[in-house]
Amino acid sequence: MDPLTGAIGLVRNNSISLCRGLKDVEHIIYGSLEEQNKHISPDLGFSRDERDQTILFELLQCVRNVSQQLGRASSAIFYESLLSTPHISSEELVSRFLRILETGYSSSTAAILISELGADIAWEKELSNHRNLRKFSTNMFLSLQSLCQKANSWSKVLDVVESYIQFFVPKKIVLKSGAQAFFPISGSAVVQSTSQIAKVMFESVLDVLMLLRYMISISGQINFTHDDVSRVKLDLIPMIQEVVTEWHIIRFFGTTSSESPAIEDFSHQLSSLQIDSNVDKRFWNVKLGKCDFSLAFILLLSMQSSSVELGNFSVGRLPNPNSLISLSQEFISWITCGRSGEESSVFSNSIDLALILLRHHQYNATEYLLTLVDEYLHKEKTFESLQSVDGKMSALLHILGCCLVAQTQHGLHGPVKEKKVGEALRCFFRAASVEGSSKALQSLPHEAGWLRIDFSSSLSAAAWKVEYYQWVMQLFEQYNLSEAACQFALAALEQVDVALETIDSSSSENLGETVITMKGRLWANVFKFTLDINKYNDAYCAIISNPDEESKTICLRRFIIVLYERGAVKILCDGQLPLIGLVQKVERELAWKAERSDISTKPNAFKLLYAFEMHRHNWRKAASYIYLYSVRLRTEAAVKDHQMRSSTLQERLNGLAAAINALQLVNPSYAWIDASVDETSIDRENYPNKKARTTKQEQSPPDDALPQKLPSYIDVEKLEKEFVLTSAEYLLSLANIKWTFTGNETPSSNLIDLLVESNSCDMAFTVILKFWKGSCLKRELERVFISMALKCCPSKLAPSLHGKGRKMHGLLLTSSQDELVHDSFDAAAIAQQYAGNSHWETLELYLDKYRQFHPRLPLIVAGTLLSADSQIELPLWLVRHFKGDRNESRFGMTGTESNSASLFRLYVDHGRYTEAVNLLIEYTETFSAIRPADVIRRKRPFAAWFPYTSVERLWCLLEESIKSGHRNDQCEKLKKLLHGVLVNHLNLLKVDSDDVRSSVS
C-alpha cells in the first residue's frame, strides 16, 4: 500500500496487480439504494427525483434477476459470437437467450445430462431447473407489476430505462495537447483498467437488452401497450445495440493481441536490422506480436506524442485508484471521439483508429473493426445520414478495401484469398459510388495508400470514378492481383466516355491526353492483366478493342511474344482467333520473331509461320517460310558436331518435304517461291530479343565481300533436287562421313563415290537418276557398278589373307582361356566373308533393278570382275544376264549389248578358254537342234549367229599356248573340242544345203 497515493497493490513473482476505483456507473450497478443516490450526479444526466431513483433501483433488481437466470456465461458467449467467423448474428443469439428465459434449457441439454450424470440425477436436475424457471417467471411478473405500479405507467419506466442507458454511453473528454503527461504510470495498468470497464459496461447493457426483450415477450401479461413495445423496438433497442457495439470494440482492443508483421514484409525485415538509432522502431519490432501487447497498447502509444514517453511509465509511485479510473476514461474518450472530444461515436472515429492500426500492419484487426462498423451502419437508420456526411462512409470502405488487399499477401491461398479479393472489389466499388467520395478520399493520409491527385472542383463524378478506378487498378497490380485489376480497368473504360466529354469541354488541357489515348492505355492494361492470368481470348479481344493503333501494335507484339514463350501460340495458327484486319501484322511479327530467334528454340517460329499460312491456304507463303527454315538449318548443320549435325539434317529434310508438299497444292504454273535470302543475314550467332522502333542502316561491304545469294525463284523440281542431296548428306553423316551441300545444282562424282563407299547404294542411284541424263547417266551407272563389283572380289576384301600373311595367320594361337587352336580364318575373316556375301547380294539386286537404264551393265560388271581376278568364278545369276531367255537365243549367241557373244569375248580376252569353248559348244548344239520350220535361218553366214572373229582368235590363242608349251594337254583338248564344233557346224550347213537343193528340184 502506498501511503502517499492510497494505492493498493498485490505483488507476485514478477508482477504487481493494482486495485482501481469504481466508476459511478459501477457503484450504481452493484451498490444499494443509498450508494446509488450518492453516486447519481447531474453529470450523469439523471434526475434527482426520489421516485425516479426508486424506479431505477427496482429496475436494476429486475436486470440482476435476468442476469442470474442466464448465468455468467451468456455475456461471454455473446462476445465470442461476435468474434467468430462466420459468427452467429446477434439477433439470433438474443432470441436463443430469450427462449431460455421463457422455457428453460432445451431437451437436448437434458439428454446430455442423462448421458453424463445418469437418469436419476438428470431427472432431479430437470425438476430443479423447472422450479427455478417457475420461480423466476413468478418473481419477474411480480417485480414488473410492482415497477409499473410505482411508476404509474410503463412510459415512465421506459423514460428511466432511457436515462439509465445514457450512463453507459462513453463520456466525451477534451484532451490537452500534452496528454502524455496524464500517464505517469504503467500503460498496462491503463489498458487493463479499460478492458475491465469495457467488460462491465458490455455485460450490463446486454442485461438491459435481455430485460427489454423479455418484457416484450410477456407484454400481454404485464399490460405492455403497443406504443410501449414500438418505443422499445424502435428507440431503446437500437440505442442499446449501438452502446453494446461500442463497448465491444473497446473491449476487443483491450483483449486482442497485436499482430506481428509478416515475414514477407520487406520494410519489417529492413527495420529489424536496426540500422538507425530510432528507439520507436526498435520498441515496435520487439513488442508487436507479443501476447501481452494488445491492440490497446498501439492506440495508447499513438495517443501519446511519441512512444519514447513509454519510458515515463514507471512504478516509482503506485497510482491512486481514482486517477487510474480517470486515465481510463480519457483513453476511452479518445477511442470513441478522438482528441477533440466532439460529439461522436466510435463509428465516426473508426477511420482514424483504422489508420493507426494500418500504420502498424494490424490488418486483421483493421478488417474486423471496419467490417463490424459497416455491418452496424447497414442495420441502423443513421446509415443514410452517415453516408452523406463528409463522405465518411466512402473513406471507411476505401480503407477496408486497402486492408483486404494487403491481407492477400500474408500467406493466404486458394478460396480464402479469392474471398478477400472479392470483398475488396465490393468495398472499392461501393466507395466510388458514395456521394462526396472525392473530397473524403483525397483527405486521407498516406497510410491509406492514396496517391493524391489534384482535381478541380468542377470535375464530374464520372471523371472522378475514372481516376479512382485507375488508382485501384494500380493497387491490385502492385499486389499481382491481375484479375481484380482487370475489373477496375474495365470499370474505368465504362466511365471514360462520359468523363472525357466533361473534361474536353472544361479542363482537358490539365489531363493532357485525348479520348483515344486514354482508352488505348486502359485497353492496354486490360490486355496485360488478362494475359497474366492466361485468358488469351480476352487478351485478344482487348487488342482488337484498342482504338490507339500504336498501342494496339505494341500489345499485339507482346501477345505473340508471350504466347511464344508459354508454348500457347497454337491458338494463332489453328483459327481460334478471328484475325480480321490483323493477319498481316501477325504474320509480320511472327516473321520478325523467326528471323531473330535461335532455330533451336521451341516452338520454332518458322514452323508456326508454316502452320499459320497453311491454315489460311496460303500455300506459297507457307512453302517460302519453311524453306527459309531449311536454309537456316543448312547453315547450322555446317558448324555442329556429328550427332547434332545428323539431327539438324533430319529436321532440314522435314522442312524441305513440307515445302514440296505445300507447293504441290498450288497450280503448277504458279508452283514456285521467291527465296532470296542473304547469307550474311542467316549466318549469325546473336539474335536480339527486342524489336527496335527504327532500324539502323548497316554499312555496305566492299564489292569483293558481297555475299552470295540463293536463287531467287525455286520450283518443285529444284526443291526435290535439294531434298535428294540433303538426304545423301544425312546418310553420310550417319556413317560419320562429312560432306556438305554447296548449293550447286549438279553434285560432283565424289558424292556418288562416298555413298557407294558407305553402302548407301539406294541413295547413290537416286542421286544419279535425279541429276544425270543420257550418256552421263550411263557413265555414272558404270562407275557405281564398277565400284560395287570391286567390293565383291576376294582380293579386295581381304588382301592380307593371301600368301605369307595367310600362312602366318594360321600359325597364331588363341588366349589361354580358349582351348581351340584356329588353323583357318579368325572371326575377322569370317566377318569379311559375310560382308563379301552381302556385296554379291547387293550387286545382284541393283543389277536386276537398273539394267533397264543401261543394257551394258552386266558386261561392265563381268569385265570388272575378270579384270580384277581372271580366275574368278562368275556367279550364275550374272551369266544368266548374258544368256537371257533360252527360247529367244536359240538362233545363236546374238541379242542385246550384254549377250552370250559378249560373254564369250570376255572369256577369250581374260584367258578363260575352257569357259569360252564350253559356251560355244552349248550354243552350237542348241543351234543344231533347231526346228525344221526355222532351218532356213541356218543358211545365213556363221558370223551372223556367232562371234566368228572371237572364235578365230580363240583358235589362234590355243595354238600359241601349245607352241609356247603352256598347258599343252589342256590346250590340245580344247583345240580338238573347238575343231569338232566347227566341223559339225560345217557338216550341218552341207546337209542343210543338200536338203534345200533336193526340195527345190
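Is histidine 361 buried or exposed, or does it count as something in between?

Reply: The model is a predicted one: local features need pLDDT of at least 70, side-chain atom pairs count only at pLDDT 80 or more, and totals for chains, interfaces and linings use all residues. Residues are numbered from 1 along each chain as its sequence is written, and side-chain values use heavy atoms, with hydrogens and water left out.

Histidine 361 counts as partly exposed, because its relative accessibility is 22%. Buried means under 20% relative accessible area, exposed means over 50%, and partly exposed lies in between (1.4 Å probe, protein chains only). The residue sits in the loop between helix 15 and helix 16 (363-379); helices (H or I, at least four residues) and strands (E, at least two) are DSSP runs, numbered from the N terminus. Although histidine 361 is not a glycine, its phi is positive, at about 60 degrees.

Helix 15 spans residues 350-359, and serine 350 belongs to it. Serine 350 counts as buried, because its relative accessibility is 0%. Residues up to four places away in sequence aside, serine 350 touches Leu369, Leu370, Val373 and Leu396, where contact means heavy atoms within 4.5 Å.

Helix 18 (residues 392-407) packs with helix 19 (residues 414-433): their axes come within 8 Å and cross at roughly 155 degrees. Axes are lines fitted to C-alpha atoms, for helices over the stretch in contact, and angles run from 0 to 180 degrees between N-to-C directions. Helix 18 and helix 19 are therefore roughly antiparallel to each other, since angles under 35 degrees count as roughly parallel, over 145 as roughly antiparallel, 65 to 115 as roughly perpendicular and the rest as oblique. The crossing of helix 18 with helix 19 is left-handed, that is, the near helix is turned anticlockwise from the far one by less than a right angle, whereas clockwise would be right-handed. On the side of helix 18, the residues in contact include Met393, Leu397, Leu400 and Leu404, and on the side of helix 19 they include Ala424, Cys427 and Phe428. The residues of this contact comprise 10 nonpolar, 4 polar and 3 charged. Here Ala, Val, Leu, Ile, Met, Phe, Trp, Tyr, Cys and Pro count as nonpolar, Asp, Glu, Lys and Arg as charged, and the others, Gly among them, as polar.

Helix 21 is mostly covered, with 13 of its 18 residues buried. Asparagine 736, which is not a glycine, likewise has a positive phi of about 60 degrees. Its place is the loop between helix 33 (716-734) and helix 34 (749-757), and asparagine 736 counts as exposed because its relative accessibility is 60%. Helix 41 is followed by glycine 884, whose phi is positive, near 65 degrees. Within helix 41 (residues 876-883), the buried residues include Trp877, Leu878 and Phe882.

Another backbone feature is the cis peptide bond that joins lysine 602 and proline 603, with omega about -5 degrees. Proline 603 lies in the loop between helix 28 (583-595) and helix 29 (605-615).
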